[in-house]
Every structure is written in C-alpha cells, then in structure tokens.
Amino acid sequence: MPKVVRVELTSDQEREVLKRLRARDLTPGIRLHLECIRLMGRGLTVPDG
C-alpha cells in the first residue's frame, strides 16, 4: 500500500502557489507539481509513488 503524502499550507503559502501557477513560463512538470501541492493543501491526498 503506498504512503500518502499530506501537506498543510498557510494562507500566505497558498497565495504563493496560486501566484506561481499564473506564470506563463511554467514547464508542464512544474505546473503539475504546483497543482499537486495546491490540491494537497486543500485536503486531497496523493499517493507517494
């Protein structure tokens, strides 16, 4: 069974993630990483793989 990664973001950290997601020059991998962090911060879980 995979380990589950959980993240808690402060409101400042969540704003920073959203700010970075709005950048036009993100590579697809960085965008995916930031989206995963954003969703984990909202309580969704992502298996550690």
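In what order do the elements of the chain run from the N terminus on? They run β-α-α-β.

**View 1. Overall chain of the predicted model.** The structure is a predicted model, in which local features need pLDDT of at least 70, side-chain atom pairs count only at pLDDT 80 or more, and totals for chains, interfaces and linings use all residues. Residues are numbered from 1 along each chain as its sequence is written, and side-chain values use heavy atoms, with hydrogens and water left out. The chain contains 2 helices and 2 strands (DSSP runs numbered from the N terminus: helices H or I of at least four residues, strands E of at least two). Of its 49 residues, 10% are buried (under 20% relative accessible area, with a 1.4 Å probe and protein chains only). Among contacts with a separation of 6 or more, residues 24 or more positions apart account for 55% (contact: heavy atoms within 4.5 Å).

**View 2. Packing of helix α1 against helix α2.** Helix α1 spans residues 11–21 and helix α2 residues 28–41; they pack at an angle of about 150 degrees, with axes 10 Å apart (lines fitted to C-alpha atoms over the stretch in contact, with angles from 0 to 180 degrees between N-to-C directions). The two helices are therefore roughly antiparallel (angles over 145 degrees). The crossing of α1 past α2 is left-handed (the near helix is turned anticlockwise from the far one by less than a right angle).

**View 3. Residues at the contact between the helices.** From α1, Val17, Leu18, Arg20 and Leu21 meet Arg31, Leu34, Glu35, Ile37 and Arg38 of α2. By class, this contact has 5 nonpolar, no polar and 4 charged residues (nonpolar: Ala, Val, Leu, Ile, Met, Phe, Trp, Tyr, Cys and Pro; charged: Asp, Glu, Lys and Arg; polar: the others, Gly among them).

**View 4. Surroundings of Arg38.** Arg38 belongs to helix α2 and is buried, with a relative accessible area of 17%. Not counting residues up to four places away in sequence, Arg38 touches Val17, Leu18 and Leu21.

Terms used
Buried means under 20% relative accessible area, exposed over 50%, partly exposed in between (1.4 Å probe, protein chains only). Angles under 35 degrees count as roughly parallel, over 145 as roughly antiparallel, 65 to 115 as roughly perpendicular and the rest as oblique.
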